[in-house]
Amino acid sequence: MLFQALSTVLLAATGAFAAQGQLQQVTNFGSNPTGVEMFVYKPAKLASPPPLIIAMHYCTGTAQAYFSGTQYANLADTHGYIVIYPDAPDPGGCWDVHTNATLTHNAGGDSLAIASMVRYAIQNYGVDATRVFATGTSSGAMMTNVLMGAYPDLFQAGSAFSGVPYGCFEGPDMWNSQCATGELIKTPQQWGDLVRSGYPGYTGARPKFQFWHGTADTTLYPQNFWEDIKQWTNVFGVSQTPVTNTTNDPLPGYSRASFGPNVQAILAQGVGHTVPEQANDVLNWFGIANLTPGSGPAPPTSVPPSSVPPSSSSTVAPPPSSTGAAHWDQCGGIGWTGATTCASPFTCQVINAYYSQCL
Ligand SMILES: *[C@@H]1O[C@H](CO)[C@@H](O)[C@H](O)[C@H]1NC(C)=O
Ligand SMILES: *[C@@H]1O[C@H](CO)[C@@H](O)[C@H](O)[C@H]1NC(C)=O
């Protein structure tokens, strides 16, 4: 009843399911030369240990706007991960994705502040250092690219909505028109070398990376999608030809090209700037779509990427059974390592190549 009443009110206010808790600002989180602000969302029930998602806003955006305008906090209530929403110091609200400092490991810029937040969360919130992720929209997507390049040691995966390759905005100004209009063309080797220059000498694993782009984007032209493919296939040493490319995935008109387990490129036909965030799909890519808080009974689980959320009046789930995944849980798909059977009376049904669900 309470959930129902709450969601009705919040749905009316935001047009989406909203988180139960509030954002909290944290100061003195470590090295922060440019004055980035840190806001954290910690759900009441945490997974043990909790993963961390860094969720980054678009130009003119704020931490608060990205908190209330996306589903990551709402889904944190269900899955028990922590979300940090950094807030850019630039008066225009864009991230610094162009300075040499921000592009380089531990050299300064906005990226260092975000790295400090990750380190702070690992030390102070018990965050699982092997499950730290970054996502963002537009300028936040560009910063996701920057973090993948400059801090490969801190992140295990990224998902960028309508961004540009790592290093594409490099130069004296906050805005780089040549890159934005898709006229900055490099070879795969050159793009890959740029990434490798972000953390010279680094030989460890690199975060797997998913990026989304609309074919009708006239802010950051879709050529950036193809340059991104060159860059990250080079970084992972895989072919630029997709291994698979599934159409109408996860939405009609979208195609999901996979270049092996580490690179996934989703092109949204006819979609402009920006591609709307697909939070459940992102959690699936991060490998935490089936996560539950550490103790107590399993809460209602996630909505699959390709279906509509159940309405608040029909969220009463049947009691969990002792064997198999629960109603709505993921039960299969490429890269899935969790349970593949469903608790009675549900059966595991294929939604798409990446997502099967107990229905
Ligand atoms: C940053 O500047 C140094 C020194 O000029 C250069 O060697 C390095 O490649 C630059 N890094 C990036 C990511 O462009
Ligand atoms: C995947 O297939 C779609 C539909 O044919 C096509 O438009 C898109 O360019 C393909 N993606 C890649 C990365 O080749």
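Let's start at E170, where a polar side-chain atom lies 2.5 Å from an oxygen atom of ligand 1. The residues around ligand 1, with a heavy atom within 4 Å of it, are N100, L103, T104, Y166, E170 and S197. The protein covers 49% of the 360 Å² of accessible area that ligand 1 has on its own, by the Shrake-Rupley method with a 1.4 Å probe.

A quick word on the source: this is a predicted model, where local features need pLDDT of at least 70 and side-chain atom pairs pLDDT 80 or more, while totals for chains, interfaces and linings use all residues. Residues are numbered from 1 along each chain as written, chains are lettered from A and ligands numbered from 1 in written order, and side-chain values use heavy atoms, without hydrogens or water.

Now, V195: buried or exposed? V195 counts as buried because its relative accessibility is 0%, and buried means under 20% relative accessible area with a 1.4 Å probe, protein chains only. V195 sits in helix α8, residues 188-197, a DSSP run of H or I with at least four residues.

Last stop, D217: a polar atom of the D217 side chain lies 2.9 Å from the backbone nitrogen of L220. Thanks, everyone!

Methods:
Helices (H or I, at least four residues) and strands (E, at least two) are DSSP runs, numbered from the N terminus. Buried means under 20% relative accessible area, exposed over 50%, partly exposed in between (1.4 Å probe, protein chains only). A polar contact is a pair of N or O atoms within 3.5 Å; within protein, one must be able to donate a hydrogen and the other to accept it, and residues adjacent in sequence count only if both atoms are side-chain atoms.
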